[in-house]
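Reader: I am new to this structure and would like to be guided through it. Could we look at it together?

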Amino acid sequence: MGRDMTEDPFETVVAAHHTEIHRYLVRATSRSGDADDLSQETFVRAYKFYRSLPPDANVRAWLFAIATNLCRNHYRAEGRRRQAMAAAAAGASERGPSWPEGEAIASQASARIDMIVAALPFKQRVAFTLRKVHELDYEAIAASLQCSAESARAHVFQALRKIRRGLDDLDVVHMERQP
Amino acid sequence: MNPENRTCREIEPDLVAVAAGEAGASATRGVERHVGVCRGCRAELARYRVLEGMVADLRRAPMAGADPTLARAELESKLADIRSRLISYGLFPSPLGKILIARSELGVSMVRYIDSERAARSHLARLAGDDAVEDKAAVEATYRELVDYLTARSTRLGWPLDLRWAGSDFQRRVLAATAQLPYGAITSYAGIARRIGEPASVRAVAQALRHNPIPIAIPCHRVIGSSGDLTGYAGSKIGLKEQLLSLEGVPVGLRAHRIERGNMYVRFESETEYCVPTCGSLSKTPLAELTLFGLRGHAEAVGLTPCTACRPDLHPLSA
């Protein structure tokens with residue numbers, strides 16, 4: 001029997017992954033407000049190729065790869081990239097006032113990390129986010145970034161290193177005393 | 001951790017890997033050995049461990065600017081739009097030669113006899129562009145129903161139709177009137193023109209049917225010339241028209257490309273009875289006012305009863 005076109009299996013894909021891909025793109029685009037457009041384009045593109053996807057394909061990793069690709073092309077226009085970086089850097093420098101008084105330290109640190117991440121170079125930002133936030137394996141990250149798994153690991157390491165250094169001046173980070 | 005110290009610098013990647021729980025056995029041993037003697041790196045490892053915990057919080061923490069609701073709604077409407085434009089098609093063998101079947105989510109949008117695959121594909125590409133995707137599985141069920149129909153296993157194609165490629169409102173009306181012609185029944189181009197209330201537009205009707213995007217399902221083969229000539233079909237495929245009509249029990253072929261009106265049952269206008277062709281003045285009535293049936297069964301299948309004057313049930317036509 002032929003497939004019934006009124007029952008579109010792609011609806012399940014959207015329902016399962018849109019929220020996560022969107023969240024990924026918010027970080028990947030340095031919060032430049034492009035996540036709405038890019039998440040939409042990710043799924044539109046995925047829809048066109050979905051039918052030719054092998055049945056055993058890892059749909060989630062495939063969606064992340066499409067999103068990352070779109071993101072890279074989007075930032076290839078150098079002007080936009082610099083704009084986004086500048087915006088992220090500006091966000092990072094005005095940290096004090098933007099944090100509500102008395103808020104939990106953990107959430108301050110989270111916000112701080114997000115700002116540092118936003119200012120990272122594209123590959124480090126993406127590799128870090130895919131690994132640490134979305135928990136993709138290095139093979140999948142390598143496929144997204146079109147590099148080797150080793151390079152993907154190195155990008156994540158560089159990102160962690162910069163985040164670690166970036167937290168140095170937070171007086172809450174007497175971390176060695178914590179369990 | 002001493003940045004001047006080479007070991008401290010080199011061990012940092014392993015330190016990070018250990019904190020993340022991704023280090024192999026030998027790297028783990030190396031880190032353990034080093035932090036046993038280096039207070040700075042011991043503290044650094046602890047920091048990376050805390051950092052891993054903070055990073056894990058990123059997975060759960062709500063994020064400003066990360067509300068996907070609006071984007072999702074826009075995506076759904078865009079996908080619905082793409083989906084409605086999308087055409088799936090396949091090329092198949094059939095008793096009438098190779099055919100192309102195309103459909104959308106609304107229904108079957110094209111049936112086309114194929115001389116050249118390339119020409120058929122490029123015709124579809126001209127109409128649908130990138131929206132046409134070859135996908136046999138999506139039209140397989142439609143194809144099976146068509147084969148059943150063409151091999152007389154069924155007399156009905158109950159397909160929903162997508163008339164996106166009907167060029168004008170006029171053509172739609174012509175196609176809709178033609179679609180009303182029952183299985184095994186014929187009328188003339190002038191007959192269709194009368195039925196849509198445009199009795200003078202006989203040529204335009206013929207033209208509209210010439211560009212019928214869904215032949216067989218919209219049975220333009222059941223529409224013939226006023227004199228009984230089959231006239232044309234799908235360019236120069238008049239043989240296919242004969243085949244389709246013969247399948248439906250319409251007598252054709254004794255004289256090439258003509259139906260034998262004297263061998264067909266007759267319904268006048270929208271009478272509820274059917275007659276033999278010699279009943280009253282029917283034999284002199286223009287074909288446009290009639291519907292002809294090759295077989296009584298097909299007339300009765302649409303609810304017509306035998307005329308009480310000429311009694312086609314008692315005096316059937318000899319086959």
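**A sheet in chain B**

Author: In chain B, Ile101(B) stands opposite Val111(B) in E3(B). Helices (H or I, at least four residues) and strands (E, at least two) are DSSP runs, numbered from the N terminus. This is a predicted model, in which local features need pLDDT of at least 70 and side-chain atom pairs count only at pLDDT 80 or more, while totals for chains, interfaces and linings use all residues. Residues are numbered from 1 along each chain as its sequence is written, and chains are lettered from A and ligands numbered from 1 in the order in which they are written.

Reader: How many bridges join E2(B) to E3(B)?

Author: E2(B) and E3(B) are joined by 5 bridges and run antiparallel. Two strands pair if DSSP finds at least two bridges between them. Within this pairing, Met110(B) of E3(B) is the bridge partner of Ala102(B). The two strands form a hairpin with 4 residues between them, and Gly107(B) in the turn has a positive phi of about 155°.

Reader: And what about E1(B) and E2(B), in which sense do they pair?

Author: E1(B) and E2(B) pair in the antiparallel sense over 5 bridges. Ser88(B) has Arg103(B) in E2(B) as its bridge partner. E1(B) and E2(B) also form a hairpin, with 6 residues between them, and Gly97(B) in the turn has a positive phi of about 100°.

Reader: In what order do the strands of the open sheet come?

Author: The open sheet has 4 strands of chain B in the order E3-E2-E1-E4, with mixed pairing. Strand E3 (108–113) and strand E4 (132–134) of chain B stand at the edges with a single partner strand each, so one side of each has no neighbour in the sheet. Neighbouring strands are turned by 25° against each other on average, direction ignored. Angles run from 0 to 180 degrees between N-to-C directions, and axes are lines fitted to C-alpha atoms, for helices over the stretch in contact.

Reader: Which helix lies across those strands?

Author: Helix H5 (residues 117–128) of chain B lies across E1, E2, E3 and E4 of chain B, running at about 170° to E1(B).

Reader: Why is E2(B) described as largely enclosed?

Author: E2(B) is largely enclosed by the rest of the structure because 5 of its 5 residues are buried. A residue is buried if 20 or more other C-beta atoms lie within 10 Å of its own, exposed if 12 or fewer, and partly exposed in between, with C-beta atoms placed from the backbone. Ile99(B), Ile101(B) and Arg103(B) point one way from E2(B), Leu100(B) and Ala102(B) point the other way, and all are buried. In a regular strand the side chains alternate between the two faces of the sheet.

Reader: What does Ile101(B) touch?

Author: Not counting residues up to four places away in sequence, Ile101(B) touches several residues, including Tyr89(B), Phe92(B), Val108(B), Val139(B) and Leu146(B). Two residues are in contact if their C-beta atoms, placed from the backbone, lie within 7 Å.

Reader: Which residues touch the most other members of the largest nonpolar core?

Author: They are Ile101(B) and Tyr265(B), in a core of 63 residues. This core draws at least three residues from each of domain 2 (81–150) and domain 3 (169–306) of chain B. A nonpolar core is a set of buried Ala, Val, Leu, Ile, Met, Phe, Trp, Tyr and Cys residues joined through C-beta atoms within 7 Å, and the domain bounds come from an automatic or database domain assignment.

Reader: Changing topic, is Lys98(B) buried or partly exposed?

Author: Lys98(B) is partly exposed, because 15 other C-beta atoms lie within 10 Å. Lys98(B) is found in the loop between strand E1 (87–92) and strand E2 (99–103) of chain B. Leaving aside neighbours within four places in sequence, Lys98(B) is in contact with Leu91(B), Pro93(B) and Ile114(B). The C-alpha atoms of Lys98(B) and Ile114(B) are separated by 5.4 Å, with the residues 16 apart along the chain.

Reader: How many residues does each chain give to the contact?

Author: Chain A gives 34 residues and chain B gives 35 residues.

Reader: And how many helices and strands are in chain B?

Author: Chain B has 11 helices and 10 strands. Of its 319 residues, 37% are buried.
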